[in-house]
Amino acid sequence: MATTAERFKAAVEARELDGVAELFTEDVRLYSPVKFTPFEGRPMVLGLFGVLLRTFEDFRYVGELAGRAETAAGGAADSEILIFRATVNGKQIHGIDLLQFDEAGRIKEFTVMVRPQSAVQALGEAVLAGLVADGLVPQP
């Protein structure tokens, strides 16, 4: 049977939002490289994922690492890092998705880190435009 990380990776690469949805806890938190406070709750995180799946071009996972790590909420959790490459508005992005799991194996915390700074800026602008267009956040 596939692990949560394997199922997540397959769903993202296939751009299947429904496949991603079932892997999150109801109170999932997503820590973004462009926003200080996390996106909270399955509906908001799925809305963000819908924008991300439309925003990233040539998205692909290129590696993975597994172990345990401290969570933002405190304590340690089984964790997996998925390394990715993508393009946003012509900018090459190198990044990682840090997945942290609850006791049932669902994703409870999700942290995204990307580089370089110019790619972070391009990603932030594209995602904000998508969130506003989808009515998930107000126009700044």
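The conversation below takes the chain as a whole, then its sheet, then its helices.

Guide: This is a predicted model, in which local features need pLDDT of at least 70, side-chain atom pairs count only at pLDDT 80 or more, and totals for chains, interfaces and linings use all residues. Residues are numbered from 1 along each chain as its sequence is written, and side-chain values use heavy atoms, with hydrogens and water left out.

Visitor: How many helices and strands are in the chain, and what makes a stretch count as one?

Guide: The chain has four helices and six strands. Read from the N terminus, the order is α-α-β-β-α-β-β-β-β-α.

Visitor: How do you know whether the radius of gyration agrees with that of a compact globule?

Guide: The radius is taken over C-alpha atoms, and the globule rule is 2.2 Å times the number of residues to the power 0.38. For 140 residues the rule gives a value near 14 Å; the chain has 14 Å, so the two agree. The C-alpha trace spans about 35 × 30 × 25 Å along its principal axes.

Visitor: What makes two strands a pair, and which order do the strands of the sheet take?

Guide: Two strands pair if DSSP finds at least two bridges between them. The six strands form an open sheet in the order β2-β1-β6-β5-β4-β3, with mixed pairing. β1 and β6 are parallel over four bridges, with R29 opposite E109 in β6. The pairing of β3 with β4 is antiparallel over eleven bridges, and R68 has D78 in β4 as its bridge partner. β4 and β5 run antiparallel, joined by ten bridges. β5 and β6 are also antiparallel, over eight bridges; D97 faces V112 in β6, and L98 faces T111 in β6.

Visitor: Why are β2 and β3 said to stand at the edges?

Guide: β2 (39–40) and β3 (57–70) each have a single partner strand, so one side of each is left without a neighbour in the sheet.

Visitor: Which residues in the two hairpins have a positive phi?

Guide: In the hairpin of β4 and β5, with two residues between the strands, N89 in the turn has a positive phi of about 50°. In the hairpin of β5 and β6, with five residues between the strands, G105 takes a positive phi near 90°.

Visitor: Why are α3 and α4 called oblique?

Guide: Axes are lines fitted to C-alpha atoms, for helices over the stretch in contact, and angles run from 0 to 180 degrees between N-to-C directions. The axes of α3 (residues 42–55) and α4 (residues 117–133) come within 9 Å and cross at roughly 125°. Angles under 35 degrees count as roughly parallel, over 145 as roughly antiparallel, 65 to 115 as roughly perpendicular and the rest as oblique. The two helices are therefore oblique to each other.

Visitor: Which residues make the contact between α3 and α4?

Guide: Contact means heavy atoms within 4.5 Å. L48, V51, L52, R54 and T55 of α3 meet L123, A126, V127, G130 and L131 of α4.

Visitor: Where does α3 lie on the sheet?

Guide: α3 lies across β1, β2, β3, β4 and β6, and runs at about 55° to β1.
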